[in-house]
Amino acid sequence: MGFEEVRFEKDSDKAIQNKPLQKALVNVTDRFRSARNKASSEVPGWEELRSNVREIKKNTIENLDKYLTLLEENVIKSGGRVHWAKDADEASQIIVNIANERNVKSVVKSKSMATEEIDLNSSFESAGIKVVETDLGEYIIQLAGEHPSHIIAPAIHKTKDDISKLFSEKLGIPHYENPEELTKVAREKLRSEFLNADMGVSGANFAVAETGTIVVVENEGNARLTTTVPKIHVALVGIEKLIPRYEDLSMFLTILARSATGQKSSTYVSFITGPKKPSDIEGPEEFHLVLLDNGRSGVLASEETRESLYCIRCGACLNNCPVYRHVGGHSYGSVYSGPIGAIITPQLMGIDKAAELPFASSLCGACHDVCPVKIDFPKVLLTLRKRIVKSRKLSVKNTKDIIEKLGIKFWRFTVLNNSIYKITNKLLYYLQTPWKESNGKLKSLPYPFSRWTDQRDFPSVAKRTFRDRWKERRGQMG
Amino acid sequence: MSNSREEILHTIRKGLKGASSEETLEERNFVSEAQEIEKLINELQSDLKTQFITELNNVNTTVIEAKNGINIKDSLFNLIKEKELKSFSIWESKFLKELNIKNELKDAGLKLITAKNKNRIATSEIGITEVNYAIADTGTLVLLTNKSQPRSVSLLPPIHLAIVRPENLIRNIRDLFVILKSKLGEGEDITSCMTFITGPSRTADIELNLTLGVHGPKELYVII
């Protein structure tokens with residue numbers, strides 16, 4: 001899907017009306033959240049671990065050019081090839097070219113946010129190459145022609161019945177009721193895809209500069225199959241996925257699995273260094289590493305928001321975000337949803353194209369509390385908001401903004417003077433009567449106040465000011 | 001293409017300006033650290049075994065304890081009988097060769113399927129491997145690929161059986177990377193593929209229902 005148009009207000013409205021989605025969101029976020037909390041509490045020195053991995057990430061990002069060239073050197077040394085892609089189009093082109101040059105007819109893919117980001121599947125399809133998603137969740141999404149809605153659980157918005165119908169419709173099989181049977185069907189279908197595929201495309205959770213190793217973390221085994229069975233393995237990796245040293249992995253793997261799903265270790269972790277060795281009996285004959293920039297290098301320029309690139313894509317911020325829990329992944333109009341989507345999408349796709357996202361947060365900071373690399377989400381969000389407001393100031397064409405500004409000016413004027421405040425308070429108290437509901441709330445005000453009451457109630461104006469009531473109480477208490 | 005390389009590196013350098021501090025990968029003496037770990041682990045062996053078994057039980061793995069080589073083979077034959085298995089794949093590693101499992105299974109009438117044609121391993125009913133390391137605190141098997149240890153034996157068959165010896169046990173993932181780094185430092189070549197296996201293949205992609213065996217083995221047996 002890459003980055004679609006961001007229509008947060010509209011899409012989130014739709015998501016909130018969607019009852020099954022609301023139920024699924026509560027289930028998935030609750031499950032992952034409590035699992036993470038338990039798993040992190042079992043590790044002595046968890047907070048220290050967070051500080052350490054953050055420090056490593058900070059250092060890596062601040063020396064990114066050096067580590068990237070070191071990584072390149074070591075991948076080449078191990079017999080692999082390295083390609084650099086400055087944007088989504090170039091990355092897709094590189095990968096499709098690799099396929100075309102080798103007469104590849106079918107491709108299997110393991111779950112990768114980066115390939116979603118560049119919308120690789122449609123590039124394969126328009127080149128006439130068959131591409132199959134092999135992570136069960138992604139497979140379901142691909143059959144349905146939809147987009148992932150959670151970094152870790154992409155098909156969480158679909159119910160068992162949805163999937164049962166989908167499978168019987170698309171795969172021509174009977175309606176299976178239980179997940180076990182549905183999973184078995186997928187296993188059989190996908191196993192034959194693996195055995196017949198000419199090329200495997202994966203992402204990577206980490207790329208180790210000093211050894212040229214890419215690391216893929218998963219539970220199903222489809223990434224192992226993708227990187228083992230086909231003759232050609234292509235890994236698409238964002239340039240921020242780097243870590244310097246082999247032994248750094250021990251900390252990162254410890255913190256990633258626990259933060260993501262609450263597992264002590266994911267079922268499978270593959271550490272791939274180059275193609276198969278001449279002495280190995282099996283394994284891919286070619287290994288290509290495609291390094292993806294697509295806006296990342298530009299993010300480095302701001303010291304205040306640079307830490308957005310520390311993210312290791314665990315999804316903990318989604319599971320703990322009160323906004324994500326209600327609006328789901330699709331509202332963010334990008335492969336990256338939740339708090340990380342709100343900060344990374346505007347920076348990668350351009351702030352004007354995703355200006356709603358940094359405002360889609362209550363700044364409660366729950367994401368900051370659980371982030372394994374301690375990204376200071378509230379700080380980054382506020383910085384981005386500032387940028388957006390500033391860029392708007394230069395082009396005051398928005399009437400909504402002008403009204404809001406006047407409103408705030410008026411507010412400032414009244415609150416700065418107690419007697420004016422008192423008079424205004426009285427005035428508003430009587431003026432509001434036609435709109436006041438029996439529960440004391442204002443439910444639907446005329447324009448421009450409707451912009452508030454369309455989405456939430458406004459508390460009605462009290463008869464007396466807080467100050468007056470305070471005085472009276474103090475008097476009573478003597 | 002090389003243009004993009006230069007462009008990306010240029011943007012990075014421009015963006016970082018003064019930020020990139022001079023940082024070189026610091027030297028640690030992994031060889032002596034690894035020696036110390038080995039000493040410590042030797043003393044802890046029985047504790048580690050207990051912990052390892054607990055963790056394996058937590059991740060849907062069946063644990064079989066065996067006292068010696070004969071015990072190992074008895075357990076293996078029992079499993080094969082119980083599951084009525086007719087074909088197998090096996091690593092050609094030193095310990096497994098010493099046990100002579102391959103020949104005994106062939107003599108018992110099972111068909112050996114080798115990795116020479118990798119797709120055929122998919123038709124094998126059980127994959128038998130040993131492990132290079134076993135991480136006690138997470139119940140993780142560590143397998144290194146080499147010419148006698150092909151990766152698909154632990155991946156394609158529906159059942160994976162791994163044999164763990166007490167000397168394979170290490171405390172945690174930190175120990176592992178110290179040991180691996182010390183070996184790399186001594187000039188050992190890095191493997192094309194190292195695999196961590198913690199329990200059988202699993203998914204929760206359908207309404208968060210845990211289902212085993214979605215792509216990799218559905219059943220994992222560990223003989224210690």
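This is a predicted model: local features need pLDDT of at least 70, side-chain atom pairs count only at pLDDT 80 or more; totals for chains, interfaces and linings use all residues.
Figure 1. B:Glu55 belongs to helix 2 (residues 30–58) of chain B, while A:Lys264 sits in the loop between helix 12 (248–260) and strand 9 (268–273) of chain A, so the pair joins two chains. A:Lys264, with a relative accessible area of 26%, is partly exposed.

Figure 2. A:Lys58 and A:Glu62 form a salt bridge in which the closest N and O atoms are 3.3 Å apart. Both residues lie in helix 3 (residues 46–62) of chain A, and four residues, about one turn of the helix, separate them. An α-helix has 3.6 residues a turn, so residues three or four places apart point the same way. A:Glu62 is buried, at a relative accessible area of 14%, whereas A:Lys58 is partly exposed, at 30%.

**Figure 3. A salt bridge between distant parts of chain B.** B:Arg165 and B:Glu130 form a salt bridge, and their closest N and O atoms are 3.1 Å apart. The pair links distant parts of the chain, 35 residues apart: B:Glu130 is in strand 4 (residues 126–130) of chain B, and B:Arg165 is in the loop between strand 7 (159–163) and strand 8 (169–170) of chain B. The relative accessibility of B:Glu130 is 5%, so this residue counts as buried. B:Arg165 has a relative accessibility of 24% and counts as partly exposed.

**Figure 4. A salt-bridge network in chain A.** Salt bridges with shared partners connect A:Glu117, A:Glu240, A:Arg296 and A:Arg313 into one network. Over all chains, the count of salt bridges comes to 37.

**Figure 5. Helix 9 of chain A and its packing.** Helix 9 of chain A comprises 12 residues (residues 160–171). At 1.5 Å a residue the helix should span 16 Å, and its end C-alpha atoms are 16 Å apart, which agrees. The buried residues of this helix are A:Ile163, A:Ser164, A:Leu166, A:Phe167, A:Ser168 and A:Leu171. These buried residues pack against helix 8 (136–144) and helix 10 (179–196) of chain A. Just after helix 9, A:Gly172 adopts a positive phi of about 65°.

Figure 6. Chain B contains seven helices and 12 strands, and its C-alpha trace spans about 70 × 45 × 40 Å along the principal axes. Of the 224 residues in chain B, 54% are buried. Among contacts in chain B with a separation of 6 or more, 75% are made by residues 24 or more positions apart; the pair B:Glu130 and B:Arg165, 35 residues apart, links distant parts of the chain. Chain B exposes about 10,300 Å², of which carbon and sulfur atoms supply 47%. The chain carries 29 positive and 31 negative side chains, and the centres of these two sets are 6 Å apart.

How values were computed: Residues are numbered from 1 along each chain as its sequence is written. Chains are lettered from A and ligands numbered from 1 in the order in which they are written. Side-chain values use heavy atoms; hydrogens and water are left out. The expected span of a helix is 1.5 Å times one less than its number of residues. Buried means under 20% relative accessible area, exposed over 50%, partly exposed in between (1.4 Å probe, protein chains only). Contact means heavy atoms within 4.5 Å. Accessible areas come from the Shrake-Rupley method with a 1.4 Å probe; for residues, only the protein chains shown count as cover. Lys and Arg count as positive and Asp and Glu as negative; His and the chain ends are not counted. The place of a charge is taken as NZ of Lys, CZ of Arg, CG of Asp or CD of Glu. A salt bridge is a side-chain nitrogen of Lys or Arg within 4 Å of a carboxyl oxygen of Asp or Glu.
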